[in-house]
Amino acid sequence: MSGGTDADRAAAARARLVRSITRGGGLADPRWRAAFAQVPRHLFVPYYYESVPGGYERLTADDPAPLRRARWLRGAYRDVPLATRVRDAELLSSSSQPSLMARMLDALAVTDGSRVLEIGTGSGYNAALLCHRLGDRAVTTIDLEPEITATARTQLAAAGYRPEIVTGDGARGCPRRAPFDRIIATCALASVPVAWTGQCADGAVIVAPLATGVLALTVAPGGGRAEGRFLATPAFFVPLRGTDPAAGEGAPAAGTGHGLPPEALSDDRFQFLLALGAGSLLPQEAYALWRREHRPGRERYGLTVEGHRQWAWLDAPAGPYAWELR
């Protein structure tokens, strides 16, 4: 990245990122394209970690070596997730892959005036995109870790955005700011926390990662029921951490044996079904279903939430294939 100022290089990198996401089918809404083109991702990742043999390498904006600084800036606009917090070789927080963020924001289907709750503040970049589209007052973002919210607050302010930033258990939502028209989670769930639907306005949309997929639910009037399907795209996020048992630990590890053929165990679509059916479907049952239904992709699955009960299904809620989410 040579020539021009750092600001010029960053703007050019953002433009390339937007073109790449658009070619891949994302950012159909020009208002989201404008947000990705104008929100400076590099301000939200003043340092990040790249995986290297034996651990992680830290890249920073203030590296005294020009070539390493240039590498940091290029990396900030690659279409990949960036590890932003690591402890004892465990990934605690990251800035999500921009193209996946774009698909999730598209699925959120916001309209002017939508009030949004973001679960998992992370670097603050996703909150900044929401603020750019909807305005600061419409956006609430919550994270369990005070260090994360404090850092995100500083980075958001540096980029010119000031949403409501809350330190707390995202599994419990944010009752004092409810009701919400949209909820978006940037961390993996084991099930949909009961508190969320109760804090939604009628017809609200919830977009959240679950079982290595992304679920888009619509909340029925009264908040007691929500239903929707998975997007086609795979998704791997850091698990939601909190005190609410409904939050779980994110998607359970998929099976790695059980006498199943290698062609199933190496197929991402089957691994998704194993994760979605964990605790309810035996691996052999999941394999029989998967073969019988011609190896369905994520977009054929859905989830229904009714009070404290949640169940996944294939093709239709009242169809022959449904199982409790555990």
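Helix 3 gives the second largest pocket of this predicted model the largest share of its lining, with five residues. That pocket has a volume of about 220 Å³, and twelve residues line it. Two elements each give two or more residues to the lining: helix 1 (6-23) and helix 3 (66-76). Lying nearest the pocket's centre are Asp 6, Arg 9, Arg 69, Ala 70 and Leu 73. Here is how the lining divides by class.

| Class of lining residue | Number in the second largest pocket |
|---|---|
| Nonpolar | eight residues |
| Polar | one residue |

Arg 69 sits in helix 3, and its relative accessible area is 31%. Because that value falls between the 20% and 50% cut-offs, Arg 69 counts as partly exposed. What does Arg 69 touch, leaving aside residues up to four places away in sequence? Its partners are Thr 60, Ala 61, Asp 62, Asp 63 and Pro 64. In the other direction along the chain, Glu 90 is 21 residues from Arg 69, and the C-alpha atoms of the two are separated by 25 Å.

Let us turn to helix 5, which covers residues 125-134. Is this helix enclosed or open to the outside? Nine of its ten residues are buried, so the rest of the structure largely encloses it. The buried set runs from Tyr 125, Asn 126, Ala 127 and Ala 128 through Leu 129, Leu 130 and Cys 131 to Arg 133 and Leu 134. After helix 5 comes Gly 135, which has a positive phi, near 100°.

Now for the chain as a whole. Its secondary structure comes to ten helices and 14 strands. With a radius of gyration of 20 Å, close to the 20 Å that the globule rule gives for 326 residues, the chain is as compact as a globular protein of that length. The C-alpha trace spans about 60 × 45 × 40 Å along its principal axes. Of the 326 residues, 52% are buried. Contacts that reach along the sequence are also well represented: taking those between residues at least 6 apart, 58% join residues at least 24 apart.

Finally, a word on confidence. The mean pLDDT of the chain is 91, and 93% of its residues reach 70 or more. Over residues 250-255, however, the pLDDT is below 50, although in the model this stretch has 15 contacts beyond near neighbours in sequence.

Methods:
Residues are numbered from 1 along each chain as its sequence is written. This is a predicted model: local features need pLDDT of at least 70, side-chain atom pairs count only at pLDDT 80 or more; totals for chains, interfaces and linings use all residues. Side-chain values use heavy atoms; hydrogens and water are left out. pLDDT is the predictor's confidence in each residue, from 0 to 100. Contact means heavy atoms within 4.5 Å. On a 1 Å grid over the protein atoms alone, a cavity is a set of points where a 1.4 Å probe fits but cannot get out, and a pocket is an open set with protein on both sides within 12 Å along at least five of seven lines; lining residues have an atom within 4 Å of a point. Grid points are joined across faces, edges and corners, and a volume is the space filled by probe spheres set on the points. Helices (H or I, at least four residues) and strands (E, at least two) are DSSP runs, numbered from the N terminus. Ala, Val, Leu, Ile, Met, Phe, Trp, Tyr, Cys and Pro count as nonpolar, Asp, Glu, Lys and Arg as charged, and the others, Gly among them, as polar. The radius of gyration is taken over C-alpha atoms; the globule rule is 2.2 Å times the number of residues to the power 0.38. Buried means under 20% relative accessible area, exposed over 50%, partly exposed in between (1.4 Å probe, protein chains only).
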